[in-house]
Amino acid sequence: MNSVSFDLLQNGLSDDDSLEDESTTTATPAATGKEEANNNMASSNNTGFYSSGLDDMILKNFDDKNYDLELSRRVAALEKRVQDQEDYIVCLKSTMADAHRKISELEQMITSSAQKGSSQHHGPFKATRDVPGFFPTALPSKPSGPSGDSSRSRQQRLSGSPETKRRTGSFSSPQSGDKMGGRKWGSTDNDINAIGNKSPRKSSSLSNLSNRQSVDHKGPATGVKEPQYDPEEKSVRMYLKGRPVVSYLPTSVETYNIKAKGSAPSKTLALDWVYGYRGKDSRFNLHLLPSGEVVYFMAAVVVLHNIDEGVQRHYLGHNDDVKSIAIHPDNVTIATGQVAGHDPEEGMPHVRIWNSVSLNTLHVIGLGDFDRAVCCVGFSKHDGGAHLAAIDESNEHVLSVWDWAKQKKLCETKSSQDPVVQVEFPPSIENQLISLGKGHMHFWNYSTGKLVKKSAIYEKHDKPKFVLCMAFSAEGDVITGDSNGTIYIWGKGGTRIKQAIPGAHEGPIFSIITLSDGGLLSGGGKDKKIHSWNSSFEKENTGDLPEATGPVRALCSGDESTIYVGTTRNAILKGELGGEFETVVQGHTDELWGLGINPELGMFATGAYDKHLIVWDVESHKPLWDKILEDPIQSVGFHPSGNFIAVGLQTGRWMVLDTESHDLVTVHTDGNEQHDIIRYSPDGSQLAVASHDNFIYIYAVEEEGRKYTRVGKCSGHSSFVTHIDWSADGKLLQSNSGDYELLFWDAETCKQNVNAKDLRDVEWATFTCVLGFPVIGIWPEGSDGTDVNTAARSHDGAIIATGDDFGKVKLFKSPVSHPKSECNAYPGHSSHVTCVDFCSDDSTLISTGGRDMGILQWKMS
């Protein structure tokens, strides 16, 4: 059983599918169980585990009446205990590595002083130098050469190496101390708010096991060592988690004031395009506006996409994953709910109500009222949309009703301990609403100022495990679809079934919408079919979705007979029943790390853990081709000619494909761990493969990119390699590692060049390393060393772009040689930003989000 299922089970998804008898319950405007929900908030996350795991249970177990929950809970508890122990071991390794390093430095100081004293026939350390056992002699030392390292155990290689995001190939279960731990989709993988979350890909060192505030240039942090400048050596020593990182100033820098603060660049970014759609774990998130725009969300961005004209607009008011959306009866005002996020003022879950024409925020409601996330929102219809219903993802899934224009809560109550997937107001009944989800369908009335509940009555009909979607007929009847594939019609204002259509779909029904002619569309989650029904609920037509795009997630009716379909594989289709469906929006479906820019042809490639390598056109924003590989993809790099793509995989293999024919050119295996970076030298004659096993493998490239011969491997890092750059002449490499090392290598011999000060004037073809004099200022004060994931220098050398753990893309003036330099920061991603890179003319920047799976294209001006 996967970690998604464990997360669901730990959050109270019992298999008791019995529904309550018709009953009436009341709740005060301030629900008494809210405090309990707050205390138990750590047991769940807020980014879609409910929904994605819910789909798994529906699709695989919708006819299983004996699902064993207790065993799964026990296994989940054991998994949590194992993960806690692993985290503790990593912390001990990190602490021991620090101790070893300090002891080694002290030994060298004593030895040096003793030797100096010996040459002068006296000295304070002469006596202690000859005392056996004064310092332990069996401490392991880090090798500096390329040989003699292959026999080291993995434990020795990783000692002192805090595990970071890039190093993790699988995701652990949430920890009890994490209020948003183990998040499946996107959303901040950092402990940056009072409601924190520990990313499974964050460092597991001691400092990251506790909550921490965002270090996004907020002010001095206590106990943090300030960077130091040595005028004699012309070097700067900065500290990351107490570890020194020394960088040497170029000789061209005659004066340097470490106290000076670099200014932000005049260049700015504007979001141009968002690739992808969040259909994997969100529902009812595809709507058509009167402007002809289809509105949906991806990461922290709400996209208004005119598909016919090929234009997007973007609402950027959110600071983390958007989880729910509702359209006001006026078809202009939109409400969107989000998970707990980064912003210190608006980082708690809340609902934003905004104008879809001006994109201006009208109201922000619920700050401090919701737990984890707002999973469902809906506007009232009988009163012109004056009220808004919202349900959060607390343990009790608290339902609240708001007068949103006054930002006033009218009432609230606990709705269900099981997942809730939808809440809606009947169009013609005052002060009523309906909520549904796992094992329940509730009819609510709040005319007295308190929410009073009645449960659905199935009588002789089969009770489904999940009620998944609903719509309203022109007569006011409620139409529902469930996990049994049955459509039920409930009489207006009642709780009993008026008509049943069993077997409407094979398997669960994920979406139902009503049409203007009184007809109905239903979308299946297993059979991948869309059925149309007339006003008498007789089936008229059927459409089949392509296998590659996955089941139906959401349906949206367009002009005339056009249908828009959101799918569970993060795609949006457009078509007609009986005809072909065209994919108009496509995205990745698993964590995204690989990004490569074609230097010649106006295209870029992305590779993710879903095994898809997709090549995109920068101008048309469409995929040129999509190839499914055998293994998850970790890194991508183009040959300087643009004719070949090198792809690093998670299994220790890497391969090269022809850009035009998509054919495999060559495949190699180096080690058995993921290859985090794969990069060609400027002239394309060499290829460097930076691996998770602490080595950098160097290959000679011949026959214009078709023949690869291994030259050797660079051995010397004590942790995994995170970033590499080639020198402009292709003779040298610089690299960073997970334990904050900055090392230099001779590409011909694969030996380490330990004279870093002699390399201060080397011209680097690219600058993607996050350690070094040109990028000192990209680090926020008090950073733990893992906050900045990626960097890229523009081709004209004027700008450094970075991506961090807080979902921000930032622009700095290059070089960023002063600590605490100012920058221009841009939101959009909801997860750690894994890659940023400039297109060849520097007018376009591409950024990728890890867990949010989003690809954002920016215009720089």
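1. Strands β42 (residues 686–691) and β43 (residues 696–702) pair in the antiparallel sense over five bridges; strands are DSSP runs of E, at least two residues, numbered from the N terminus, and two of them pair if DSSP finds at least two bridges between them. Gln-686 has Ala-700 of β43 as its bridge partner.

2. This is a predicted model, in which local features need pLDDT of at least 70, side-chain atom pairs count only at pLDDT 80 or more, and totals for chains, interfaces and linings use all residues. Residues are numbered from 1 along each chain as its sequence is written, and side-chain values use heavy atoms, with hydrogens and water left out.

3. The β42–β43 pair belongs to an open sheet of four strands, ordered β41-β42-β43-β44 with antiparallel pairing. Because β41 (675–680) and β44 (707–714) stand at the edges with a single partner strand each, one side of each has no neighbour in the sheet.

4. A search of the whole structure finds 20 aromatic pairs (Phe, Tyr or Trp rings, the six-membered one for Trp, with centres within 6.5 Å; planes under 30 degrees apart are stacked, over 60 edge-to-face, the rest tilted). The ring centres of Tyr-826 and Trp-858 are 6.0 Å apart and their planes are at 55°, so this pair is tilted. It links distant parts of the chain, with Tyr-826 in strand β52 (residues 824–826) and Trp-858 in strand β55 (residues 855–860), 32 residues apart.

5. Phe-443, Tyr-458, Tyr-488 and Trp-490 form one aromatic cluster.
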